[in-house]
Amino acid sequence: MTEPAPDATGVDATLRALLADVLGLGEARAAALTDDSGLFGELPEFDSMAVATVLTEMEDRLGIVIDDDEVDGEIFETYGNLLAFSWRKVNG
Amino acid sequence: MIEHLLRIDPVGAPRATVLIVPPLFEEANRTRRTLVLAMSALAAHGFAAVLPDLPGQNESLVPLVEADLTRWQDALAEVAAAIDGPVIAASVRGGALIDHRAGVAAWWRLAPVGGASLLRTLMRARIAADREAGLNSSLESLQAAAETAPLLVAGNALSPAMVAQLGAAEAQSVEPLRSIALGADGIAGTPLWLRAEPGEDAAMAAALAADIAAWSTSCGIS
């Protein structure tokens, strides 16, 4: 990736847009996600294929590489967890 | 063997034929409806539009495990050769990995993607499913297993040749080519190929058809 690493607002916006694209949430539902919003197991659209798509899109859009050893169920429990994980990865 | 294909004709003689090269695997299902809408819009622009089944995909009787990218490239070349008059290949996502050997007058690619990225997503879906079943797999272990035996990823049985070719596949340079992405500088629309549930985007279909028609004109095809 040649784009500069996004800042905190950028990571949040990128992640919301990505979830909207993969889960078909629509802008309003994506914007309404809070740190406590449940993802995997809560949103019916969030199946294992969606998890896989989200991971690959996170790599492409945030310019990060995700080692699958780092991925556990907790990351996808809530939006806050996913955002915190993304932010850690972006900051290397 | 030529597979089943969907063909939509314009009223009267076509200006040219647009050969739609669909995305690969699950992405093909997610985009099919919108691509068919785009084909109808192309017919309104005076083009014939053809959407072939790749061997092992959609309604093909070939088991997917017998397919690989080379076979898909051959199949597309065969479909293109059987079409009368000028042909424009319009490839979406992974379709761009298999369109370069088709003898066409021009190429148009929407959001082309590398094979490694597609393969990684498929393998990750397998890893996630394995995890739910209490099994431990990794990209490395799946990659190693795929060297000698077919790999089942997200419902797709991929041969060792398919996995190896996909892992290394990049869209090849072709001429003349228009490559376009979604977004402010490209086509307005949604990346339906990522969508967990199938959707459709009629406005995007119309935009795709208009863009392909304009590209055909600027290539001097018609």
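## Helix H3 of chain A

In this predicted model, 11 of the 15 residues of H3(A) are buried, so the helix is largely enclosed by the rest of the structure. The buried positions include A:Met49, A:Ala50, A:Val51 and A:Ala52, and they continue through A:Thr53, A:Val54, A:Leu55, A:Thr56, A:Glu57 and A:Met58, with A:Leu62 also among them. These buried residues pack against helix H1 (8-23) and helix H4 (79-90) of chain A, and also against helix H1 (26-44) and helix H3 (115-132) of chain B.

After H3(A) comes A:Gly63, which has a positive phi near 65°.

## Chain A as a whole

Chain A contains 4 helices and 0 strands, and along the sequence its pattern reads α-α-α-α. Its radius of gyration is 12 Å, close to the 12 Å given by the globule rule for 92 residues, so chain A is as compact as a globular protein of that length. Taken along the principal axes, its C-alpha atoms fill a box of roughly 35 × 30 × 20 Å.

Of the 92 residues of chain A, 29% count as buried. Among its contacts between residues at least 6 apart in sequence, 65% join residues at least 24 apart.

## Where chain B meets chain A

Between the two chains, 20 residues of chain B are in contact with 17 residues of chain A. On the chain B side, H3(B) supplies the largest share, with 9 residues. By class, this side of chain B has 9 nonpolar, 5 polar and 6 charged residues.

Technical notes
Residues are numbered from 1 along each chain as its sequence is written. Chains are lettered from A and ligands numbered from 1 in the order in which they are written. This is a predicted model: local features need pLDDT of at least 70, side-chain atom pairs count only at pLDDT 80 or more; totals for chains, interfaces and linings use all residues. A residue is buried if 20 or more other C-beta atoms lie within 10 Å of its own, exposed if 12 or fewer, and partly exposed in between; C-beta atoms are placed from the backbone. Helices (H or I, at least four residues) and strands (E, at least two) are DSSP runs, numbered from the N terminus. Two residues are in contact if their C-beta atoms, placed from the backbone, lie within 7 Å. Ala, Val, Leu, Ile, Met, Phe, Trp, Tyr, Cys and Pro count as nonpolar, Asp, Glu, Lys and Arg as charged, and the others, Gly among them, as polar. The radius of gyration is taken over C-alpha atoms; the globule rule is 2.2 Å times the number of residues to the power 0.38.
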